[in-house]
Amino acid sequence: MRRIVSLVPSLTEAVAVSAPGLLVGVTDWCTHPGDLGEAVRVGGTKNPDVRRIAELRPDLVIANEEENRAPDLAALRAAGVEVLVTEVRDLPQALRELDRVLVGALGLTRPGWLADAERAWGRVEPAGTRTAFVPIWRRPWMVLGRDTFAGDLLARLGVRNVYAAHAERYPRVPVEELAAAGCDLVVLPDEPYRFTAEDGPEAFPELPAALLSGRHLTWYGPSLAEAPAVLSQGLRAAL
(Lines give C-alpha, C1' and ligand atoms only; values in the text may rest on other atoms or scores of the structure.)
Protein backbone atom coordinates (compact mmCIF):
# COMPACT_ATOMS: atom_id res chain seq x y z
CA MET A 1 0.00 0.00 0.00
CA ARG A 2 1.33 3.43 -0.96
CA ARG A 3 2.16 5.99 1.72
CA ILE A 4 0.75 9.46 0.97
CA VAL A 5 1.20 12.84 2.66
CA SER A 6 -1.31 15.54 1.72
CA LEU A 7 -0.54 19.22 2.23
CA VAL A 8 -3.94 20.35 0.90
CA PRO A 9 -7.18 19.94 2.90
CA SER A 10 -9.25 19.43 -0.26
CA LEU A 11 -6.96 16.67 -1.51
CA THR A 12 -6.79 15.11 1.95
CA GLU A 13 -10.55 14.65 1.88
CA ALA A 14 -10.46 13.39 -1.71
CA VAL A 15 -7.86 10.72 -0.91
CA ALA A 16 -9.32 9.74 2.46
CA VAL A 17 -12.82 9.23 1.05
CA SER A 18 -11.58 7.40 -2.05
CA ALA A 19 -8.94 5.15 -0.47
CA PRO A 20 -9.00 5.05 3.34
CA GLY A 21 -5.64 4.11 4.83
CA LEU A 22 -3.32 5.67 2.25
CA LEU A 23 -2.68 8.88 4.17
CA VAL A 24 0.21 8.80 6.63
CA GLY A 25 0.51 12.58 7.03
CA VAL A 26 -1.84 15.57 6.77
CA THR A 27 -1.78 19.25 7.72
CA ASP A 28 -3.23 20.83 10.83
CA TRP A 29 -5.95 22.35 8.60
CA CYS A 30 -7.16 19.02 7.24
CA THR A 31 -10.55 18.69 8.93
CA HIS A 32 -12.49 16.37 6.61
CA PRO A 33 -13.39 13.61 6.87
CA GLY A 34 -13.64 13.68 10.64
CA ASP A 35 -11.67 10.45 11.12
CA LEU A 36 -8.26 10.49 9.44
CA GLY A 37 -7.09 7.40 11.26
CA GLU A 38 -3.46 7.42 12.33
CA ALA A 39 -2.33 10.12 9.90
CA VAL A 40 0.33 12.31 11.52
CA ARG A 41 -0.17 16.08 11.64
CA VAL A 42 2.79 17.67 9.87
CA GLY A 43 2.17 21.39 10.42
CA GLY A 44 0.29 23.95 8.37
CA THR A 45 -0.10 24.36 4.64
CA LYS A 46 2.32 27.31 4.70
CA ASN A 47 4.75 25.92 7.28
CA PRO A 48 4.92 22.12 6.98
CA ASP A 49 7.53 20.25 9.01
CA VAL A 50 9.73 19.06 6.15
CA ARG A 51 11.88 16.87 8.39
CA ARG A 52 8.85 15.16 9.93
CA ILE A 53 7.38 14.52 6.49
CA ALA A 54 10.62 12.94 5.27
CA GLU A 55 10.70 10.73 8.37
CA LEU A 56 7.28 9.33 7.41
CA ARG A 57 8.90 7.91 4.23
CA PRO A 58 6.02 8.82 1.92
CA ASP A 59 5.87 7.50 -1.61
CA LEU A 60 4.28 10.78 -2.64
CA VAL A 61 3.45 14.20 -1.23
CA ILE A 62 0.51 15.94 -2.90
CA ALA A 63 0.50 19.73 -2.86
CA ASN A 64 -0.97 22.78 -4.60
CA GLU A 65 0.84 25.70 -6.21
CA GLU A 66 -1.34 28.23 -4.40
CA GLU A 67 -1.78 26.67 -0.96
CA ASN A 68 1.82 25.54 -0.46
CA ARG A 69 5.06 27.48 -0.69
CA ALA A 70 7.62 26.66 -3.37
CA PRO A 71 10.60 26.66 -0.92
CA ASP A 72 8.93 23.99 1.22
CA LEU A 73 8.24 21.81 -1.82
CA ALA A 74 11.82 22.30 -3.00
CA ALA A 75 13.09 21.25 0.44
CA LEU A 76 10.99 18.07 0.27
CA ARG A 77 12.40 17.22 -3.14
CA ALA A 78 15.91 17.89 -1.86
CA ALA A 79 15.21 15.37 0.93
CA GLY A 80 14.41 12.76 -1.74
CA VAL A 81 10.62 12.97 -1.49
CA GLU A 82 8.48 12.86 -4.64
CA VAL A 83 6.07 15.80 -4.81
CA LEU A 84 3.05 16.19 -7.09
CA VAL A 85 1.90 19.81 -7.40
CA THR A 86 -1.62 20.60 -8.54
CA GLU A 87 -3.00 23.80 -10.04
CA VAL A 88 -6.69 24.67 -9.70
CA ARG A 89 -8.13 27.89 -11.13
CA ASP A 90 -11.59 26.75 -12.24
CA LEU A 91 -13.98 23.80 -12.07
CA PRO A 92 -12.84 21.94 -15.22
CA GLN A 93 -9.23 22.17 -14.08
CA ALA A 94 -10.20 20.93 -10.61
CA LEU A 95 -11.87 17.87 -12.09
CA ARG A 96 -8.86 17.16 -14.30
CA GLU A 97 -6.45 17.53 -11.40
CA LEU A 98 -8.50 15.22 -9.20
CA ASP A 99 -8.34 12.63 -11.97
CA ARG A 100 -4.58 13.16 -12.23
CA VAL A 101 -4.05 12.64 -8.52
CA LEU A 102 -6.50 9.85 -7.77
CA VAL A 103 -6.41 7.82 -10.97
CA GLY A 104 -3.10 8.82 -12.55
CA ALA A 105 -0.79 9.14 -9.53
CA LEU A 106 -2.46 6.81 -7.02
CA GLY A 107 -3.82 4.24 -9.48
CA LEU A 108 -7.32 4.25 -8.00
CA THR A 109 -10.54 3.48 -9.78
CA ARG A 110 -12.26 6.77 -10.57
CA PRO A 111 -14.41 7.47 -7.48
CA GLY A 112 -18.17 7.74 -7.79
CA TRP A 113 -18.25 11.10 -6.02
CA LEU A 114 -16.21 12.63 -8.83
CA ALA A 115 -18.81 11.59 -11.39
CA ASP A 116 -21.53 12.85 -9.03
CA ALA A 117 -19.78 16.25 -8.89
CA GLU A 118 -19.61 16.46 -12.68
CA ARG A 119 -23.31 15.69 -12.97
CA ALA A 120 -24.30 18.10 -10.20
CA TRP A 121 -22.47 21.03 -11.80
CA GLY A 122 -23.62 20.01 -15.26
CA ARG A 123 -27.22 20.50 -14.13
CA VAL A 124 -26.67 24.02 -12.78
CA GLU A 125 -28.81 26.67 -14.48
CA PRO A 126 -28.18 30.17 -13.10
CA ALA A 127 -31.31 32.15 -12.29
CA GLY A 128 -30.26 35.55 -13.60
CA THR A 129 -27.01 37.37 -12.89
CA ARG A 130 -26.00 39.27 -9.78
CA THR A 131 -22.82 41.26 -9.22
CA ALA A 132 -20.88 40.80 -6.01
CA PHE A 133 -17.54 41.18 -4.33
CA VAL A 134 -16.17 38.32 -2.25
CA PRO A 135 -14.02 39.18 0.77
CA ILE A 136 -11.70 36.44 1.96
CA TRP A 137 -10.04 38.50 4.74
CA ARG A 138 -10.48 41.66 6.73
CA ARG A 139 -7.92 43.87 8.49
CA PRO A 140 -6.90 44.38 5.71
CA TRP A 141 -9.84 43.67 3.43
CA MET A 142 -8.90 41.25 0.65
CA VAL A 143 -11.24 39.93 -2.04
CA LEU A 144 -11.33 37.39 -4.83
CA GLY A 145 -9.74 38.77 -7.99
CA ARG A 146 -8.94 37.08 -11.28
CA ASP A 147 -8.66 33.38 -12.10
CA THR A 148 -9.95 31.86 -8.87
CA PHE A 149 -11.71 28.55 -8.38
CA ALA A 150 -14.28 30.11 -6.04
CA GLY A 151 -14.97 32.87 -8.54
CA ASP A 152 -15.61 30.31 -11.26
CA LEU A 153 -18.08 28.40 -9.07
CA LEU A 154 -19.95 31.59 -8.26
CA ALA A 155 -20.10 32.56 -11.94
CA ARG A 156 -21.70 29.20 -12.72
CA LEU A 157 -24.33 30.01 -10.10
CA GLY A 158 -25.10 33.40 -11.65
CA VAL A 159 -22.92 35.59 -9.43
CA ARG A 160 -20.42 37.78 -11.28
CA ASN A 161 -17.39 38.82 -9.27
CA VAL A 162 -16.94 42.55 -9.88
CA TYR A 163 -13.16 42.14 -9.34
CA ALA A 164 -12.78 39.18 -11.72
CA ALA A 165 -10.71 41.29 -14.13
CA HIS A 166 -8.40 42.70 -11.46
CA ALA A 167 -4.67 42.38 -12.14
CA GLU A 168 -4.21 40.52 -8.85
CA ARG A 169 -5.80 37.25 -7.80
CA TYR A 170 -6.43 38.41 -4.23
CA PRO A 171 -6.28 42.21 -4.18
CA ARG A 172 -6.45 44.40 -1.10
CA VAL A 173 -9.35 46.82 -1.50
CA PRO A 174 -10.33 49.55 0.99
CA VAL A 175 -13.70 48.92 2.59
CA GLU A 176 -14.97 52.28 1.30
CA GLU A 177 -14.22 51.20 -2.28
CA LEU A 178 -15.99 47.87 -1.75
CA ALA A 179 -19.09 49.57 -0.39
CA ALA A 180 -19.16 51.91 -3.41
CA ALA A 181 -18.59 49.20 -6.03
CA GLY A 182 -22.27 49.15 -7.05
CA CYS A 183 -22.84 45.46 -6.38
CA ASP A 184 -26.06 43.60 -5.70
CA LEU A 185 -24.66 41.67 -2.73
CA VAL A 186 -21.57 40.77 -0.76
CA VAL A 187 -20.54 37.10 -0.55
CA LEU A 188 -18.93 36.18 2.78
CA PRO A 189 -17.47 32.65 3.07
CA ASP A 190 -16.48 31.23 6.44
CA GLU A 191 -12.89 30.49 5.35
CA PRO A 192 -10.09 31.40 5.15
CA TYR A 193 -11.45 34.24 7.30
CA ARG A 194 -14.41 33.09 9.35
CA PHE A 195 -17.09 35.59 8.43
CA THR A 196 -20.30 35.22 10.45
CA ALA A 197 -23.62 37.03 10.77
CA GLU A 198 -21.96 39.17 13.49
CA ASP A 199 -18.61 39.65 11.75
CA GLY A 200 -18.71 41.00 8.18
CA PRO A 201 -22.21 42.08 7.14
CA GLU A 202 -22.14 45.12 9.43
CA ALA A 203 -19.39 46.63 7.25
CA PHE A 204 -21.82 46.77 4.31
CA PRO A 205 -25.22 47.62 5.82
CA GLU A 206 -26.74 48.60 2.47
CA LEU A 207 -26.08 45.22 0.82
CA PRO A 208 -27.60 41.75 1.24
CA ALA A 209 -24.92 39.42 2.64
CA ALA A 210 -24.65 35.80 1.50
CA LEU A 211 -22.93 33.80 4.23
CA LEU A 212 -21.56 30.75 2.42
CA SER A 213 -19.76 27.57 3.40
CA GLY A 214 -16.10 28.08 2.58
CA ARG A 215 -15.60 24.36 2.18
CA HIS A 216 -18.24 24.18 -0.54
CA LEU A 217 -16.97 27.35 -2.23
CA THR A 218 -13.21 26.75 -2.14
CA TRP A 219 -12.56 23.01 -1.70
CA TYR A 220 -12.16 20.68 -4.68
CA GLY A 221 -13.04 17.22 -3.42
CA PRO A 222 -16.11 15.21 -2.42
CA SER A 223 -17.87 18.40 -1.28
CA LEU A 224 -18.13 19.40 -4.95
CA ALA A 225 -21.03 16.99 -5.41
CA GLU A 226 -23.26 18.86 -2.96
CA ALA A 227 -21.77 22.31 -3.47
CA PRO A 228 -24.28 23.55 -6.10
CA ALA A 229 -27.23 22.90 -3.80
CA VAL A 230 -25.51 24.21 -0.65
CA LEU A 231 -24.21 27.39 -2.28
CA SER A 232 -27.46 28.07 -4.13
CA GLN A 233 -29.38 27.82 -0.87
CA GLY A 234 -27.05 30.32 0.78
CA LEU A 235 -27.42 32.75 -2.11
CA ARG A 236 -31.21 32.46 -2.10
CA ALA A 237 -31.30 33.10 1.63
CA ALA A 238 -29.45 36.38 1.13
CA LEU A 239 -31.62 37.58 -1.74
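**Entry 1: helix 9**

I began with helix 9 and found that its buried residues pack against helix 5, strand 9, strand 10, strand 11 and helix 8. I took contact as heavy atoms within 4.5 Å. Buried stands for under 20% relative accessible area, exposed for over 50% and partly exposed for the range in between, with a 1.4 Å probe and protein chains only. Helices (H or I, at least four residues) and strands (E, at least two) are DSSP runs, numbered from the N terminus.

I noted that this is a predicted model, in which local features need pLDDT of at least 70 and side-chain atom pairs count only at pLDDT 80 or more, while totals for chains, interfaces and linings use all residues. Residues are numbered from 1 along each chain as its sequence is written, and side-chain values use heavy atoms, with hydrogens and water left out.

I listed the buried residues of helix 9 as Ala-227, Pro-228, Leu-231, Ser-232, Gly-234, Leu-235 and Ala-238. They lie on the same side of helix 9, because they cover an arc of only 160° around the axis; the arc is that of the directions from the helix axis to the C-beta atoms. On the face turned away from the buried side I found the exposed residues Ala-229, Gln-233, Arg-236 and Ala-237.

I then checked the length of helix 9 (residues 227–238): its 12 residues should span 16 Å at 1.5 Å a residue, and its end C-alpha atoms are 17 Å apart, which agrees. The expected span is 1.5 Å times one less than the number of residues.

**Entry 2: helix 6**

I looked up helix 6 (residues 149–156) and recorded that 6 of its 8 residues are buried. These are Phe-149, Ala-150, Gly-151, Asp-152, Leu-153 and Leu-154. Their packing partners include helix 4 (91–105), helix 5 (112–122) and strand 10 (185–189). After helix 6 comes Gly-158, with a positive phi near 90°.

**Entry 3: Val-134**

I located Val-134 in the loop between strand 6 (130–133) and strand 7 (135–137). Val-134 is buried, at a relative accessible area of 1%. Leaving aside residues up to four places away in sequence, I found that Val-134 touches Met-142, Val-143, Leu-144, Leu-154, Val-187 and Pro-189. Val-134 and Val-186 stand 52 residues apart in sequence, and 6.1 Å apart in space from C-alpha to C-alpha.

**Entry 4: cysteines**

I searched for disulfides, taken as pairs of cysteine sulfur atoms within 2.5 Å, and the count came to 0. Cys-30 is buried, with a relative accessible area of 2%. Cys-183 is also buried, with a value of 11%.
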